Every structure is written in C-alpha cells, then in structure tokens.
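This report describes a protein chain for a reader who is new to structural work. Please look through the sequence and the structure before reading on.

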Amino acid sequence: MPAIILGLLMASAALAQMVPQLSGNENPMESKDAKPLPKWVVDDIRKMRNYPDQPPVIPHSIEGYQLSVNTNRCLSCHKRELTEGSGAPMISVTHYMTREGQMLADVSPRRYFCTACHVPQADAKPLVDNSFKDMSELGFKPIGSDQ
C-alpha cells in the first residue's frame, strides 16, 4: 500500500512539472511591472457565439456602469420594455424565470448581475492555443440542408 501511495505522489509531481505556466512571474519573489491591460473591443457589433448557450459578449464599453443591488445600468437599455427606444437587443426570456421555470414580471434576482456571465471582449492573445472546431467544420451538415 505505501508503494502505491508513493507511486501516485511521484506521478502527480511529474504531471505538475509538465503543466505550462499561464501567467505570473516565473520567480514569484521577483517584482515586475504589470503588462498593460488590453484594449476593449467596443465596435458595437454583435459577435458570433462559439458554442450553443454561450452568453453573448458585451460589444460596447461598460466603463462607469453601476451594477449594484439597487442599480443596474444594463437594464436601462436591454430590459424588455425599453428595447424599442434604445435599439438594444432584449435580454433573454430566461432572465425572467425562476429556477423552477416560473415566469416573473421583472428580471429574476439570480440573473440581475449581468457581468457574472456577460463580459466585454478584449483584444488579447489567448493564454493557450485553441484547437476547437465547430461541428460544421468537421463535415456535419444541419438537418434539412443540401447534402
């Protein structure tokens, strides 16, 4: 039994050494200047989602937006009854539902803090390479499309 535990510990130590460092100083005790923050993409163009049910990214600046228990500036444009005047897309009907699926007259408290799921997009290099391929890139065609 001790030999198995020792083997597991050695294997986990070997794996830990193979994991690339994503950020931070190589020497954690060394002081370095922080890299400049990347610029936000604020072109107001809706971005294509990368996967089903992905929360849309925010295509505009939210600097200075107040988002607290008492105030939510996002809702001043994106709330269902205000979108006609603002031209902003309406928040999903799922934001007006309880966990049990019951419809509410106002935004659900669990969906009130928008930036828990929706984020501005930054013009930044990915930390790790991404080799994700959409199903359409793998040769699968939607049902009803020309084969």
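## Basis of the report

The model is predicted: local features need pLDDT of at least 70, side-chain atom pairs count only at pLDDT 80 or more, and totals for chains, interfaces and linings use all residues. Residues are numbered from 1 along each chain as its sequence is written, and side-chain values use heavy atoms, with hydrogens and water left out.

## Overall fold

The secondary structure of the chain consists of 3 helices and 0 strands, where helices (H or I, at least four residues) and strands (E, at least two) are DSSP runs numbered from the N terminus. Along the sequence, the pattern is therefore written α-α-α.

The chain has 147 residues, and buried residues make up 14% of them. Buried means under 20% relative accessible area, exposed means over 50%, and partly exposed lies in between (1.4 Å probe, protein chains only).

## Salt bridges

Side chains of opposite charge can pair when their charged atoms come close. A salt bridge is a side-chain nitrogen of Lys or Arg within 4 Å of a carboxyl oxygen of Asp or Glu. The structure holds 4 salt bridges. One of them joins Lys 47 to Asp 43, with the closest N and O atoms 2.7 Å apart. Lys 47 is partly exposed, at a relative accessible area of 31%, and Asp 43 is partly exposed as well, at 39%.

Lys 79 takes part in a salt bridge with Glu 81 at 3.8 Å, N to O, and in another with Asp 106 at 3.0 Å, N to O. Through shared partners, salt bridges join Lys 79, Arg 80, Glu 81 and Asp 106 into one network. Asp 106 is partly exposed at 40%.

## Aromatic rings

A pair of aromatic rings is described by the distance of the centres and the angle of the planes. Rings of Phe, Tyr and Trp (its six-membered ring) pair if their centres lie within 6.5 Å; planes under 30 degrees apart count as stacked, over 60 as edge-to-face and the rest as tilted. A search of the whole structure finds 1 aromatic pair. In this pair, Tyr 112 and Phe 113 are edge-to-face, with 5.2 Å from centre to centre and 85° between the planes. Tyr 112 is buried, at a relative accessible area of 17%, while Phe 113 is partly exposed, at 38%.

Arg 80 lies over the face of Tyr 96, at 5.6 Å from the ring centre.

## The largest pocket

On a 1 Å grid over the protein atoms alone, a pocket is an open set of points where a 1.4 Å probe fits, with protein on both sides within 12 Å along at least five of seven lines; lining residues have an atom within 4 Å of a point. The largest pocket has a volume of about 1000 Å³, a volume being the space filled by probe spheres set on the points, which are joined across faces, edges and corners.

Its lining has 35 residues, and Pro 56, Val 57, His 78, Ile 91 and His 118 lie nearest the centre of the pocket. The lining divides into 19 nonpolar, 8 polar and 8 charged residues. Here Ala, Val, Leu, Ile, Met, Phe, Trp, Tyr, Cys and Pro count as nonpolar, Asp, Glu, Lys and Arg as charged, and the others, Gly among them, as polar.

## Single residues

Asp 44 lies in the loop between helix H1 (2–18) and H2. Phi of Asp 44 is near 60°, a positive value in a residue other than glycine, and Asp 44 is exposed, with a relative accessible area of 54%. Asp 53 is placed in the loop between H1 and H2. Phi of Asp 53 is near 70°, a positive value in a residue other than glycine, and Asp 53 is exposed at 77% relative accessibility.

Val 93 is found in the segment after helix H3 (83–86) and is partly exposed, at a relative accessible area of 46%. Val 93 and Leu 104 are 11 residues apart in sequence and 9.6 Å apart in space, C-alpha to C-alpha.

Methods:
A charge sits over a ring if NZ of Lys or CZ of Arg is within 6 Å of the ring centre and within 35 degrees of the ring normal.
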